[in-house]
Amino acid sequence: HFGRMKQLVRRLGLTPRVCSVNFTAGLQGADGVRAYRGGRPDDLLLDSTLSGRAKLAFIRFGLDLLYHRRLLTHGRSERSAPIDTEDARSYMKGFGRGGEELFTRVFEPGLNGPVGGSLAGVSRAILMQTVWNLLVVGQWNLVDGVDCFPEALAKQVPVATDTRVERVSFHTK
């Protein structure tokens, strides 16, 4: 849920600038265009073009996501080591033919942009983090964009002009 970023937003007084981002992944296939909305994983279960096996695989995958959700925190990939045990395709094949269908018809074409290329080379942990952050948690942003972070930080730092620095020291609290 991007907890650290939300804490920073509150600390910098940027909460009034937060807005939801309506994210939808549209997939063009032989059967037409399918759309999956961010924050609405049920869209996959309601997709009439997916087989019952694929939907069952998605339910099993979803339960695995929920079970491991604490390992999927955005920006904390080091937590995912316990589930970083196999590649995404092999992991999805473990759900049977439905898992393979889900991988080839939904995840592979729909997530290659967010992961920066083919899913064939990414780990189970990356697949799970990406699906969790895009389809389950949903997205948010700041109305003015992330540019306002450095501006808000700069407002909290005292600035002195026409001065000369003679010494810099660091102190911890």
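**Group meeting: helix packing, a pocket and a cavity**

Let me start with Asp162, which sits in the segment after α7 (148-155); helices here are DSSP runs of H or I with at least four residues, strands are runs of E with at least two, and both are numbered from the N terminus. Asp162 counts as exposed, at 83% relative accessibility. For that term, buried means under 20% relative accessible area, exposed means over 50%, and partly exposed is in between, with a 1.4 Å probe and protein chains only. The phi angle of Asp162 is near 55°, a positive value in a residue other than glycine.

A word on what we are looking at: this is a predicted model, where local features need pLDDT of at least 70, side-chain atom pairs count only at pLDDT 80 or more, and totals for chains, interfaces and linings use all residues. Residues are numbered from 1 along each chain as its sequence is written, and side-chain values use heavy atoms, with hydrogens and water left out.

Now to the helices. Take α3 (residues 52-67) and α6: their axes come within 11 Å and cross at roughly 95°. The axes are lines fitted to C-alpha atoms, for helices over the stretch in contact, and the angles run from 0 to 180 degrees between N-to-C directions. That makes α3 roughly perpendicular to α6; angles of 65 to 115 degrees get that label, under 35 is roughly parallel, over 145 roughly antiparallel, and the rest oblique. On the α3 side the contact uses Phe61, Asp64, Leu65 and Leu66, and on the α6 side Arg124, Leu127, Met128, Val131, Trp132 and Val136, where contact means heavy atoms within 4.5 Å. Sorted by class, that contact has 8 nonpolar, no polar and 2 charged residues. In this scheme Ala, Val, Leu, Ile, Met, Phe, Trp, Tyr, Cys and Pro are nonpolar, Asp, Glu, Lys and Arg are charged, and the others, Gly among them, are polar.

Next, α3 with α5. Their axes are 7 Å apart, and the packing angle is about 90°, which makes α3 roughly perpendicular to α5. From α3 come Arg53, Ala54, Ala57, Phe58 and Phe61, and from α5 come Arg97, Gly98, Gly99, Glu101, Leu102 and Phe107. This contact of α3 with α5 has 6 nonpolar, 2 polar and 3 charged residues.

And how do α5 and α6 pack? At an angle of about 90°, with axes 11 Å apart, so α5 and α6 are roughly perpendicular to each other. Here Phe107, Leu111, Pro114 and Val115 of α5 meet Ile126, Leu127, Thr130, Val131 and Leu134 of α6. The classes in the contact of α5 with α6 are 8 nonpolar, 1 polar and no charged.

On to empty space. Rolling a probe the size of a water molecule over the atoms shows where such space is left. On a 1 Å grid over the protein atoms alone, a cavity is a set of points where a 1.4 Å probe fits but cannot get out, a pocket is an open set with protein on both sides within 12 Å along at least five of seven lines, and lining residues have an atom within 4 Å of a point. Points are joined across faces, edges and corners, and volume is the space filled by probe spheres set on them.

The structure holds 1 cavity of 30 Å³ or more, and the largest cavity has about 70 Å³ of space. Its lining consists of Phe23, Ala25, Leu27, Tyr36, Val106, Phe107, Gly110, Leu111, Leu134 and Leu135. Two or more of these come from each of β2 (24-29), α5 (97-115) and α6, and α5 gives the most, with 4 residues. By class the cavity lining has 9 nonpolar, 1 polar and no charged residues.

The largest pocket holds about 200 Å³. Of its 12 lining residues, His74, Pro114, Gln129, Thr130 and Asn133 lie nearest the centre. Helix α6 (residues 124-136) supplies the largest share of that lining, 5 residues, and the pocket lining divides into 4 nonpolar, 8 polar and no charged.

Leaving out residues up to four places away in sequence, Gln129 touches Leu71, Leu72, Thr73, Ser77 and Ser80.

Last stop, Cys148 in helix α7. Cys148 is buried, with a relative accessible area of 3%, and beyond residues up to four places away in sequence it touches Leu14, Arg17 and Leu142.

Thanks, everyone!
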